[in-house]
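The stops below are meant to be visited in order.

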Amino acid sequence: MDVSVELKGVTKRFDEVTAVDNVSLKIRRGEFFSLLGPSGCGKTTTLRLVAGFEHPSEGKILINNADVSNKRPYERNVNTVFQNYALFPHLTVAGNIQFGLERKRTPKDEMLRLVVEALDLVRLNYMGDRYPHQLSGGQQQRVALARALILRPEVLLLDEPLGALDLKLRKEMQLELKSLQEKIGITFIYVTHDQEEALTMSDRIAVMETGRLAQVGTAEEIYEYPKTRFVADFIGESNFFSGKITAIDDNHLYLITDGGLKITLPADKAHTAGQHINFSVRPEKFRVEPEPGTSDWENQFIGEIVNKIYLGESIHYVIALSAKENINVFLKKERSGPQKTVFSIGDKVHVSWHRDDSVILVD
Amino acid sequence: MENTGLRKRILKFFNRHENLRSFGVLSPCIFWIGIFFLLPLLFMATYSFLERGLYGGVNWLFTWENYTRFVDPLYLKILLRTFRISFLTTVILLIVGYPMAYRIARADKRWRNILLFLVILPFWTSDLIRTYAWMLILRDTGLLNGLLKYLHIIREPLSLLYTEGAILLGLAYVYLPFMVLPLYASIEKLDTSLLEAAEDLGATPFWRFLKVTVPLTKSGILAGSLLVFIPSVGVFVVSDLLGGAKAMMIGNLVQLQFGPARNWPFGSAASFILMTIVLLAVFGYLKFAGGKEALEEVR
């Protein structure tokens with residue numbers, strides 16, 4: 001594997017607070033890698049450690065297989081796009097973009113060519129003479145990007161770069177950033193608290209919780225097979241159950257929930273009968289029907305609709321399966337006009353789901 | 001109320017003449033400046049073109065003589081020394097004040113106020129007393145010479161007092177807060193993420209200071225320099241006490257003319273020459289160092 005950035009047991013403490021706790025990661029060259037988590041989870045500190053603004057209390061950081069743990073930011077071939085863009089207000093757009101080149105003493109005509117090229121790359125042609133305060137948020141964001149990319153860094157670090165933009169522009173920029181990254185092939189490390197953003201753009205995602213890595217994987221792995229309750233809850237929505245294992249065979253794991261539901265799950269060698277475990281089911285995995293019979297899925301229950309929320313593209317139902325267990329279900333409206341998939345509060349319905357859609361959690 | 005008629009008339013006047021409204025607000029200030037600044041200036045302007053009276057005062061006869069008299073190596077030397085000392089004071093205070101202001105601005109919030117308080121603490125006593133204190137330290141039998149002798153570093157006392165160096169020291173001491181406070185204000189506003197961005201883009205600490213910190217704190221540098229340079233040019237207490245007759249500054253010359261010499265016309269002329277040069281120097285400085293924006297700010 002061609003590793004671009006490696007963190008080896010990195011810990012960062014500020015006085016009493018441990019912001020990053022024993023994080024080990026390998027990020028591949030050319031990968032779009034996201035650090036995802038709620039505020040205060042240590043994702044920004046991790047990014048700042050790679051940038052060189054902070055130095056690890058323990059552990060090592062390798063960029064391109066060279067130990068840079070104690071190198072200053074200007075000694076690292078890494079550039080950052082800051083959350084507030086941090087454009088120099090006293091310099092023009094071109095002045096901002098060529099700041100790093102001036103330091104490298106790039107010849108004038110070469111510099112001019114590179115600046116024009118960079119402006120073209122972020123679609124800001126002919127904006128070179130403007131000052132940052134004359135630009136919109138989206139344009140400033142592009143300048144920050146061009147300023148960092150012109151130095152051809154080994155890794156580009158992005159700290160919630162789209163956070164200040166409105167929703168529509170943010171969606172546009174997400175796609176643009178992703179295609180830009182594919183075009184230039186530079187490793188991106190992207191910090192965000194927006195799970196949708198991370199899922200859309202990333203090749204791989206690291207979900208962080210209180211300074212630790214909760215799970216690392218592709219968007220699909222993390223969404224479909226969350227390891228912990230935290231991940232299942234933070235990425236998308238989930239229904240959580242807990243119960244006691246009654247039996248295990250080659251393909252199945254049988255369990256009875258705290259509310260008395262008998263459930264079939266995929267076999268898991270790590271567990272034994274009698275154990276108490278937690279598992280989750282995504283709200284869009286359920287089939288809900290007025291009559292029984294059409295579904296041949298293992299888990300079939302009768303429930304009662306207790307709440308209904310109209311979401312536009314789908315309807316969110318809250319269904320009581322037992323005295324203790326309510327589930328959230330998202331149903332797409334598949335046909336127009338009156339149809340079977342529209343229920344009212346109080347309706348008795350048949351709920352079913354496939355055993356493989358139950359994901360066993362480690363905590 | 002008996003003055004409602006008058007009030008109504010005033011309100012009516014300002015309603016009709018909207019562009020005169022600001023004068024209503026500014027009138028106390030205009031009055032103050034008119035009485036205490038413009039009027040005396042006008043007196044001095046008049047005096048500077050009149051002949052000196054035999055026993056003080058003036059004779060009402062027009063003459064250029066007060067101005068032509070100034071073009072004399074003796075006076076030009078004083079003028080030159082004044083500007084040299086003021087310029088050096090400004091430079092010294094920039095070098096001393098910038099790191100100081102920087103450190104205070106970057107200090108812990110708790111410490112920041114304490115440190116700022118310490119900077120302005122000397123204002124609590126008059127600078128006359130503080131200058132006398134320096135005399136006690138610097139004179140031949142003073143604290144500094146005493147200490148050096150005690151440590152056997154010197155045998156004969158160094159003559160520290162009544163030198164240009166003593167004036168520089170005194171001025172730098174007295175005007176330090178005027179440099180530190182505006183610098184502090186502009187450094188404190190400096191966004192640290194810009195410093196990080198510079199470092200991230202490959203700037204070494206020195207390059208970063210030159211290309212980001214200095215340009216972005218320019219307003220503080222300009223303000224601090226002017227606040228130190230202008231009063232230094234006109235100073236007379238510090239230079240009188242620490243410089244004596246050997247290192248006379250133009251402030252002392254003016255004071256001498258209005259005081260013991262009783263030559264008000266020449267004193268007035270000297271003041272006007274000084275004022276003109278300072279105005280030109282400040283204008284030139286802002287144009288050179290500040291660019292267009294600074295000039296507009298001043299306007």
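Where in chain B is B:Trp124 placed? Select it and you land in the loop between H5 and helix H6 (127-138) of chain B; helices (H or I, at least four residues) and strands (E, at least two) are DSSP runs, numbered from the N terminus. Before going on, note that this is a predicted model, where local features need pLDDT of at least 70 and side-chain atom pairs count only at pLDDT 80 or more, while totals for chains, interfaces and linings use all residues. Residues are numbered from 1 along each chain as its sequence is written, chains are lettered from A and ligands numbered from 1 in the order in which they are written, and side-chain values use heavy atoms, with hydrogens and water left out.

**Stop 1: a patch on chain B**

B:Trp124 is exposed, with a relative accessible area of 63%. Here, buried means under 20% relative accessible area, exposed over 50%, and partly exposed in between (1.4 Å probe, protein chains only). Helix H5 (109-120) and helix H8 (164-189) of chain B each supply at least two residues of the patch, and H5(B) gives the largest share, five residues.

**Stop 2: a buried glutamine**

Staying in chain B, select B:Gln257 in helix H13 (residues 250-258). B:Gln257 is buried, at 5% relative accessible area. Leaving aside neighbours within four places in sequence, B:Gln257 is in contact (heavy atoms within 4.5 Å) with B:Arg262, B:Asn263, B:Trp264, B:Phe266 and B:Gly267.

**Stop 3: the sheet in chain A**

An open sheet of five strands runs in the order S15-S19-S16-S17-S18, with antiparallel pairing; two strands pair if DSSP finds at least two bridges between them. At the edges, each pairing on one side only, are strand S15 (287-289) and strand S18 (326-332). Strand S19 (residues 348-353) is joined to S15(A) by three bridges, with A:Arg287 partnering A:Ser352. Six bridges join strand S16 (residues 299-310) to S19(A), among them the pairing of A:Gly303 with A:Val349. Five of the six residues of S19(A) are buried, so this strand is largely enclosed by the rest of the structure.

**Stop 4: salt bridges**

Which residue does A:Lys285 meet in a salt bridge? Its partner is A:Glu224, with the closest N and O atoms 3.0 Å apart; the rule asks for a side-chain nitrogen of Lys or Arg within 4 Å of a carboxyl oxygen of Asp or Glu. A:Lys285 lies in the loop between strand S14 (276-281) and S15 of chain A and A:Glu224 in helix H8 (residues 219-224) of chain A, so the pair ties together parts 61 residues apart in sequence. A:Lys285 counts as buried at 18% relative accessibility, whereas A:Glu224 is partly exposed at 25%.

Finish with B:Arg84 and B:Glu164, whose side chains meet in a salt bridge at 2.5 Å, N to O.
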